[in-house]
Amino acid sequence: MDPRRMPRTITDPKIRQVGFFAPVAPPDVSMLGPPRPTTPSSPVSGNSLSPVMIPPPRHLSSDNVLLSPHIAVDSFLPVGSYNASEFSSSTATEDFSEDNFSKDSGWVLNENSGKAAVKPNTHAASGLTPAVSNEGPPMELQKQQPPASSMPKKEQTTKAERRALQDAQRTAKAAANAGGSKKSISASAVVNSANANTKKVAKAPPQKKDSSSVAASEKRGGDRQTDKDRKKDAPHPRMQFDDEDRVEKAKKRSVVKQTESRNRVELFRHLPQYEHGTRILDLESHFFQLDTVHPAIYTVGLRFLTGDISGGNARCIAMLRAFQESIEDYSTPAEKELTRDLPTKINGYVSFLIQCRPLSISMGNAISFLKPKIPELSSTMSESEAKASLLSDIDRFINEKIILAEKVIVRLAVTKIRDGDVLLTHGSSSVVEMIFLCAQELGKQFRVVIVDSRPKLEGRMLLRRLVGKGISCTYTHLNAISYIMHEVTRVFLGASSVLSNGTVYSRVGTASVAMVAHQFRVPVLVCCESYKFHKRVQLDSICFNELGDPDAIARVSGKEDINYLNDWASSQNLQLLNLTYDATPSDYISMIITEYGMIPPTSVPVIVQEYGGEHLLI
Amino acid sequence: MEPARGMDFQVVVLAGGFSKSLVPLVSKEVPKALLPVANRPVLSYVLNLLEQNNVTDLIVVVEGETAALSASSWISKTYIDRLHVEVAAVPEDVGTAGALRAIDHRLTAKDILVVSGDLVCDVPPGAVAAAHRRHDAVVTALLCSAPVSGPSDSGSSGAKDKAKKPGRYNIIALDPTKQFLLHIAAGAEVEKDIRVQKSILRAVSQMEIRSDLMDAHMYAFKRSVLQDVLNQKETFQSLRRDVLPYLVRSQLRSELMSNGVQSDENGNSKDAMQNSKILPSQLLANESTPSFHELYALGPDGSASITRKTHKCCVYIANKSNYCARLNSIQAFSDINRDVVGVANHLSGYSFSAQNNIIHPSAVLGSKTTVGPQCVLGDGSQMGDKCSVKKSVIGRHCRIGSNVKVVSSVIMDHVTIGDGCSIQGSVICSNVQLQERVILKDCQVGAGFVVTAGSEYKAESLAKKERP
């Protein structure tokens with residue numbers, strides 16, 4: 001597919017050494033259909049016979065021979081694609097918004113353009129396979145898509161379009177001033193020129209035309225309407241924070257007053273970033289005012305915000321434990337039903353936690369596990385029974401999805417450690433730590449290299465614990481990665497989330513470690529519980545990420561003499577970027593170890609489809 | 001569930017009683033809690049602060065039956081329908097710890113916020129409570145920056161000499177993150193050196209000792225711990241002098257294990273009983289930022305085999321911009337009066353006029369009488385001609401003659417001042433009568449006293465002889 005994939009064939013023998021075996025996974029996990037993107041196939045969604053879905057190539061090149069050494073057994077398998085309908089129909093609340101998706105597909109389309117035009121109506125569902133005529137800019141395609149689901153369609157009016165519209169209006173107005181008769185002609189002329197390409201390929205949807213000739217304000221009103229509807233449906237956790245209108249509304253809703261920090265990096269404006277210190281102060285001083293929030297939830301939220309609890313599993317467990325406490329203390333108000341009232345409570349708690357810190361994907365999964373459990377409770381149950389059932393559900397989730405899953409992962413991963421190995425890890429991952437400890441208990445002889453990075457320096461705690469257990473360790477910072485990689489034989493990484501195109505979303509710095517390891521032909525093993533998998537596709541670390549406190553990178557603790565950036569916020573020309581996560585492309589990952597077995601990153605969709613979703617709910 | 005209990009916090013206001021250090025300002029009729037600060041009882045500042053912070057359910061503990069009666073009648077009159085206040089009377093001289101011991105049976109919530117009734121501050125009590133919850137501490141104390149320039153900063157020249165004395169503030173040791181309290185001693189008790197525990201110093205490895213902080217007497221306690229300590233250590237009299245230092249001292253060798261809730265993983269210790277849940281709590285502990293307590297508890301080699309019992313003593317350090325003071329001395333009384341109408345006038349609850357003062361509409365001013373900025377003139381007070389009032393608080397229904405100068409003073413209600421008096425830096429209690437041409441400088445005049453004409457006093461305390 002793309003040039004980055006090239007070395008993969010060379011490293012494959014190394015991967016063989018490690019070996020793919022999947023005791024629990026279905027037999028077809030390791031079998032990959034070769035990407036044959038030229039066939040515009042029917043969408044995969046709902047086709048249970050074809051669980052394997054691999055990301056489509058970026059370029060429709062013919063070099064797929066280079067790819068996967070595995071024999072294509074299921075060559076009839078339909079090729080996965082960026083399937084609009086599939087993603088947008090997702091039930092998970094924390095799914096990304098349509099705007100982003102359209103942006104994504106826009107990029108892909110960009111690369112695809114130049115292919116033969118297909119009649120859009122037939123293939124609109126499969127998103128990108130229909131390509132546009134040569135001169136068509138990629139965004140034009142969105143207009144052609146018939147309004148399959150009307151809501152996202154309205155969102156898809158791009159900036160360029162809107163501007164064209166506005167221009168049209170303006171000229172129309174001017175024309176009206178000059179002479180009434182000319183008005184419609186000139187307006188339509190402008191619109192025509194703006195939408196010329198659209199008309200060439202397919203006729204524009206009728207409402208498009210309407211909106212162009214009607215006043216712009218009316219159209220805006222319609223837009224707002226859909227916004228409202230959408231908000232009623234589900235408050236969108238993934239808000240675009242460069243949309244001032246929405247930010248304003250969110251501010252009104254929020255319990256905690258948040259001051260947006262200044263000097264945000266241009267590319268990351270869509271992500272929330274607040275002034276860290278003032279948020280803590282505000283949250284603290286409103287302790288007694290927040291009486292809608294359960295104390296346990298409040299404490300957890302505060303500890304998220306202050307960074308006392310970090311790490312995917314810890315945050316997830318802390319959140320679930322807090323939910324348990326709040327459910328224990330819950331009593332149904334008079335004239336209300338538990339199945340109706342409790343979800344609204346939980347929703348309130350979740351939005352409070354989001355205000356403290358954006359939820360991780362794993363937490364989102366846990367919440368979407370918990371929420372459907374409440375309406376499922378039968379109405380004949382007494383309140384205490386219902387509560388007990390929910391509590392045990394949460395307990396089961398923690399035990400099976402986190403604790404047991406970790407144990408299985410450790411058991412699997414330990415087989416990959418041989419005597420004399422030098423193992424490298426980045427940051428501090430609970431699973432990886434357990435793997436090392438387990439290997440130590442089994443009497444394996446190995447050494448650990450802990451690569452750490454500022455500003456969190458999480459590796460230090462891991463180092464302390466490992467050294468305490470008598471494991472010989474080397475501690476270094478990310479800067480030295482290219483040097484230290486020479487002696488490393490395995491890289492074990494934790495992950496915040498694994499996405500269905502095999503991208504590993506993890507602590508920032510992980511991608512560099514994986515890339516360097518890949519360059520040095522060192523196998524990279526990512527250990528991740530399957531409850532952290534998500535069917536989203538992510539190609540970069542920009543669309544979804546979390547911005548940390550910029551002060552954290554500006555300030556060096558204990559080194560007052562080198563704190564040159566103390567008043568950085570006052571400088572207009574300086575923006576600090578403290579990213580929390582990054583996305584590691586699947587090319588750099590040799591293997592993902594989950595409780596279902598050890599799988600190649602291309603098989604993540606199988607796990608997501610077969611074991612995710614409702615199957616996640618045990 | 002009432003709002004204050006929504007967070008499982010109970011608020012106790014220790015209003016004190018008849019405080020010896022405030023003689024002659026206090027009397028049987030005016031207990032410390034009802035001393036007027038800018039014509040409002042000092043207790044109202046705490047109650048208003050709590051009310052603003054949505055705490056409507058509280059216990060006020062007053063020493064002495066008569067004081068309790070007068071406090072309770074004032075509270076019920078002022079805060080009817082706004083606050084739900086229980087007034088509890090405890091015997092005199094039991095100390096703060098004793099007072100809590102006496103109301104032990106009323107404490108039911110998970111945590112208790114103990115506020116001193118003489119506190120005048122604008123630090124949200126929620127912040128203390130939040131810091132307490134965040135670390136799951138056994139005690140969290142509010143520290144505020146001690147008034148650095150001393151009480152003389154606004155030019156009350158008379159008070160200067162007193163203020164120049166080194167403040168009786170605290171010596172406080174903090175950990176580098178400024179979240180945990182490692183040592184606390186009252187500044188007055190420290191002579192030459194302080195003793196710091198080696199074990200604590202070793203565990204923290206770095207300690208910051210400061211003398212510019214003041215213990216503001218707002219504590220959040222874990223109820224079970226507080227009750228344990230109070231019951232086990234019956235000699236403990238004061239929260240500040242006994243209970244808090246004890247908890248701080250013993251934080252790395254906690255003896256509070258009788259009920260097993262105070263281990264460093266308090267939230268999870270309940271779970272730990274169930275074997276299957278140890279792992280998640282350990283996982284949580286591993287991934288959360290550990291405080292030195294946890295590191296110490298794990299032992300030097302990081303193994304959890306010998307778990308040492310610890311508890312956390314936290315602090316919340318108020319922002320420098322917050323006002324915070326305690327009315328515990330006569331000097332503090334005049335300072336607070338000055339500040340509440342001056343630098344911290346948002347606390348007073350009055351709206352200041354364009355001249356930055358408050359003159360009640362019913363007050364009567366004679367001709368050529370000036371009332372300067374940062375002054376309060378209560379309702380019904382009358383002033384004669386050619387008077388001058390600067391930086392002073394004058395109570396209700398005072399009658400002030402002509403040619404009177406009042407500078408940096410506090411004059412309470414129903415005071416009669418004859419012509420030609422000059423009052424500087426003084427406190428004059430209710431019902432005092434000053435006859436003509438009295439000159440007072442830095443004096444305190446007890447309630448009902450009569451100062452004869454033409455007398456002149458400097459830095460004296462004048463009060464009626466206590467009748468046996």
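This report walks through selected features of chains A and B in a predicted model.

## How to read the model

Residues are numbered from 1 along each chain as its sequence is written, while chains are lettered from A and ligands numbered from 1 in the order in which they are written. Because the model is predicted, local features need pLDDT of at least 70 and side-chain atom pairs count only at pLDDT 80 or more, whereas totals for chains, interfaces and linings use all residues; side-chain values use heavy atoms, with hydrogens and water left out.

## Chain B as a whole

Chain B holds 13 helices and 32 strands. Helices (H or I, at least four residues) and strands (E, at least two) are DSSP runs, numbered from the N terminus. Of its 468 residues, 56% count as buried, where buried means under 20% relative accessible area, exposed over 50%, and partly exposed in between (1.4 Å probe, protein chains only).

Among the contacts in chain B with a separation of 6 or more, 54% link residues 24 or more positions apart; a contact means heavy atoms within 4.5 Å. Chain B exposes about 20,100 Å², and carbon and sulfur atoms supply 50% of that area. Accessible areas come from the Shrake-Rupley method with a 1.4 Å probe, and for residues only the protein chains shown count as cover.

## A covered strand in chain B

Take a look at strand β12 (residues 213-222) of chain B, where ten of ten residues are buried. L213(B), D215(B), H217(B), Y219(B) and F221(B) point one way from β12(B), and M214(B), A216(B), M218(B), A220(B) and K222(B) point the other way.

Two strands pair if DSSP finds at least two bridges between them. Strand β6 (residues 111-116) of chain B runs antiparallel to β12(B), joined by five bridges. Strand β8 (residues 139-145) of chain B also pairs with β12(B) in the antiparallel sense, over six bridges. F221(B) is the bridge partner of I112(B), and V139(B) stands opposite F221(B) too.

## A loop residue in chain B

I194(B) sits in the loop between β10 (181-186) and α7 (198-204) of chain B. I194(B) counts as partly exposed because its relative accessible area is 27%. Leaving aside neighbours within four places in sequence, I194(B) touches I171(B), H183(B) and I209(B). I171(B) is 23 residues away along the chain, and the two C-alpha atoms are separated by 8.6 Å.

## A four-stranded sheet in chain A

Over in chain A, an open sheet of four strands has the order β8-β5-β6-β9, with mixed pairing. β8 (533-534) and β9 of chain A stand at the edges with a single partner strand each, so one side of each has no neighbour in the sheet. Strand β5 (residues 497-499) of chain A pairs with β8(A) in the parallel sense over two bridges, and V498(A) has F533(A) as its bridge partner.

S506(A) belongs to strand β6 (residues 504-507) of chain A and is buried, with a relative accessible area of 4%. Leaving aside neighbours within four places in sequence, its contacts include G494(A), T580(A) and D582(A).

## A helix and a loop residue in chain A

Helix α15 (residues 312-328) of chain A has 17 residues, 14 of them buried.

Y564(A) lies in the loop between α24 (550-554) and β9 (581-584) of chain A. With a relative accessible area of 67%, Y564(A) is exposed.
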